[in-house]
Amino acid sequence: MADEANRAAFLEIQARLIETTGKLKQVQNQVRNKEGDRKRAYLTLEELQQLSDDTNTYKSIGRTFVLEPKSVLMEEQEQKLKDSETAIASLQNSKEYLEKQIGEVENNLKELLQQDPGLARQIMSMSF
């Protein structure tokens, strides 16, 4: 009976580990995407700053380009930069939380396997 309970606990912990690892990978991808957005906004802002104020600047809307004042485009890029930085900070917090969760789940798994060496042998025999 205890063997079945340990096996069920193992399967639950394993499922949590897989789920949390998937969430962590998703957050890491989101961080990468936001860092790309931030870099794109930063580089665009740098290029806009080099232009004189009387230069015609255009904003891409779908397949159309619309004449916009340089100041409007700079404000938009600054806002994109701020939004990306805020999102990255939030995602970093989520990433740290998920990494702690993974550590806790791994510790729970280790404790379970140390409590029931027979379960550890069963798992090892199943993996080969």
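In which helix do E19 and K23 both lie, and how many residues apart are they? Select the two: they are in helix α1, four residues apart, about one turn of the helix. Helices here are DSSP runs of H or I with at least four residues, strands are runs of E with at least two, and both are numbered from the N terminus.

The model is a predicted one, in which local features need pLDDT of at least 70 and side-chain atom pairs count only at pLDDT 80 or more, while totals for chains, interfaces and linings use all residues. Residues are numbered from 1 along each chain as its sequence is written, and side-chain values use heavy atoms, with hydrogens and water left out.

**Salt bridges**

Show the side chains of E19 and K23, which form a salt bridge with N and O 3.3 Å apart. A salt bridge is a side-chain nitrogen of Lys or Arg within 4 Å of a carboxyl oxygen of Asp or Glu. The whole structure has four of them.

Next, select D53 and K70, a salt bridge whose closest N and O atoms are 3.4 Å apart. D53 is in the loop between α1 and β1 (57–61), K70 is in helix α2, and 17 residues separate them. D53 is exposed at 68% relative accessible area, whereas K70 is buried at 8%. Buried means under 20% relative accessible area, exposed over 50%, and partly exposed in between (1.4 Å probe, protein chains only).

Then go to K59 and E76, another salt bridge, at 3.0 Å from N to O. This pair joins strand β1 to helix α2.

**Nonpolar cores**

Select F10, I13, V27, L112 and L119, which touch the most other members of the largest nonpolar core, a set of 14 residues. Helices α1 (2–50), α2 (70–115) and α3 (117–127) each supply at least two of its residues. Apart from this core lies another, of six residues, including L45, L48, L73 and L81. A nonpolar core is a set of buried Ala, Val, Leu, Ile, Met, Phe, Trp, Tyr and Cys residues joined through side-chain atoms within 4.5 Å.

Move to M74 in helix α2. M74 is buried, at 15% relative accessibility.

**Residues 74–115**

Finally, select 74–115, which an unreviewed UniProt entry annotates as "coiled-coil region"; such annotations, given in the numbering used here with shortened feature names, may be inferred rather than shown by experiment. The stretch is 100% helix and 0% strand, with its end C-alpha atoms 61 Å apart.
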